[in-house]
Amino acid sequence: MGKQDGSERQVTTTPVDDSTATILHVDLDAFFVSVELLDHPEFVHQPVIVGHRSGRSVVTAANYIARRFGINSAMPMALALRKCPSAVVLEPHMSAYKHYSDLVMSIFDDVTPLVERLGIDEAFLDVAGARRLHGSPAVIGEQIRARVFAETGLVCSVGAASTKFIAKLASGLAKPNGLLVVPAEDTLAFLHPLPVKAMWGVGATTEEALVRLGLRTIGDIAATPLPVLQRSLGEASGRKLHELSWARDPRAVTIEREEKSVGHEVTFEHDVTDVAELHSELLRQSHAVAVRLRQAGIVGRRVVLKLRYTDFSTVTRSRTLAESTNVGRRIYDEAVAAFDVLAVNGIRVRLIGVRMEQLSDADSQGLALWDPDEDWRGAELAVDTVTARFGRGTVRPASLFKPTREQ
């Protein structure tokens, strides 16, 4: 959303009718960096990167000053330091991030029981039922920001709107350290001037396709007939973007299910160095996880990769999806993307695993509307049907079959 460096910041500075803006999206600003700076206040006004200072490391997080040099998360550390040689590099401390995340989430829980955690540093809150006790949505948003700062020293940005989609857009534009309220009646006026890249699911490839059609703003998408979008982008993606361009988002704030995660892992008898073999194992595990999710009627939003090396050191990497899923191919694509960052020459893997976190009921996610994987979903549901009738292993992805030698 935007440039992610604060240069396009928008905040609410005058009173507005916020009675319809009862969904809040709260996002901690540059969370990992902000936590590290609590112990290193001397670096507050300098470009700061969190990560390991080594040739094969990647950027875990960057503060807003560093982002203005073009540095962003997942960028190779070597490239980041070429962009900004004066950047301060601080080692990550995951236990500290979890500690502060727990403190912040407990503040959210004090406001409303309807808290949907999206990750370690952000959440949706439905405050419709909290207004009598705490005040209007804008007041609640400011109270949350004040409490977070007073109790942790961290700052957060809040978007308030009538839907999750608009609330998340608003919090992104309010960064850093701001509040932006979008009343329901002002939603389209707020949404339509934004660039197409602000839409969920619009990456570089989709943005290029939209620009080729002459569509540069979300308003341009809204004014384009649905059949035109579907011919250019595909039926599912075209429909999704058309609905979002009119701010149609039926999803409610949902509380995480009791199940914390669904996953599979394997410890190899001998260390594996073949990247293709490891990819194949990730594919098998991803489909196994997806089957368990579908059988339970749930979806997950965060894909977590686990690797244990020959020296027994263990690392995990996670990727949070724009939309929850129980499609194996989507899980695999994210797991492989996380793996390939770590798959340096000579990697020796003892254990590999995939799991899904941030689970919720599939029915609550509006999958028919928010489904970029419609074709893969149909294929996997068909496999589920065959499996139920003829047994597990009857149908599998072709890439899981190893060729046999001719006799």
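## Two helices packing

At what angle do helix H4 and helix H6 pack, and how far apart are their axes? In this predicted model, helix H4 (residues 94–111) meets helix H6 (residues 137–152) at an angle of about 145 degrees, and their axes are 10 Å apart. The crossing in which H4 passes H6 is right-handed.

## The chain as a whole

Stepping back, the protein chain holds 15 helices and 13 strands. It has 407 residues, of which 47% are buried. Among contacts with a separation of 6 or more, 69% are between residues 24 or more positions apart.

## Aromatic rings

The model contains three aromatic pairs. One of them joins Phe 31 and Phe 32, whose ring centres lie 5.8 Å apart with 55 degrees between the planes, a tilted arrangement. Phe 31, Phe 32 and Tyr 97 form one aromatic cluster.

Another ring worth a look is that of Tyr 64. Arg 67 lies over the face of Tyr 64, 4.4 Å from the ring centre.

## Cysteines

How many disulfides does a search of the whole structure find? The search finds zero. Cys 84 is buried, with a relative accessible area of 1%, and Cys 156 is buried with a value of 1% as well.

Helix H7 (residues 164–174) is mostly covered, and eleven of its eleven residues are buried. The buried residues include Lys 164 and Lys 168, along with Phe 165, Ile 166, Leu 169 and Leu 173. Ala 167, Ala 170, Ser 171, Gly 172 and Ala 174 of H7 are on the buried list too.

The loop between H7 and strand S8 (179–181) is where Pro 176 lies. Is the peptide bond from Lys 175 to Pro 176 cis or trans? It is cis, with omega near -5 degrees. Asn 177 is found in this loop between H7 and S8 as well. The phi angle of Asn 177 is near 60 degrees, a positive value in a residue other than glycine. Asn 177 is classed as partly exposed because its relative accessible area is 35%, which falls between the 20% and 50% limits.

## Another positive phi

Gln 358 also has a positive phi in a residue other than glycine, here near 55 degrees. Where does Gln 358 lie? Its place is in the loop between strand S12 (349–357) and strand S13 (360–361). Although Gln 358 sits in a loop, it counts as buried, at 8% relative accessibility.

Thr 22 lies in the segment before strand S1 (23–28). With a relative accessible area of 14%, Thr 22 is buried. Which residues does Thr 22 touch, not counting those up to four places away in sequence? They are Leu 125, Asp 126, Val 127, Ala 128, Arg 131, Pro 137 and Ala 161.

Val 289 is part of helix H13 (residues 275–296). Val 289 counts as buried, at 0% relative accessibility. Leaving aside neighbours within four places in sequence, Val 289 is in contact with Val 262, Gly 263, His 264, Ile 331, Val 354 and Met 356. His 264 and Val 289 are 25 residues apart in sequence, and 6.6 Å separates them in space, C-alpha to C-alpha.

Methods
Residues numbered from 1 in each chain as written. Predicted model: local features only at pLDDT ≥ 70, side-chain atom pairs only at ≥ 80, totals over all residues. Heavy atoms only, no water. Phe/Tyr/Trp six-rings, centres within 6.5 Å; stacked < 30°, edge-to-face > 60°. Lys NZ or Arg CZ within 6 Å of the ring centre and 35° of its normal. Disulfide = S-S within 2.5 Å. Buried < 20%, exposed > 50% of the residue type's maximum accessible area, 1.4 Å probe, protein only. Axes fitted to C-alpha atoms, helices over the stretch in contact; angles between N-to-C directions. Helix = DSSP H or I, 4+ residues; strand = E, 2+ residues; numbered from the N terminus. Left-handed = near helix turned anticlockwise from the far one by under 90°. Contact = heavy atoms within 4.5 Å.
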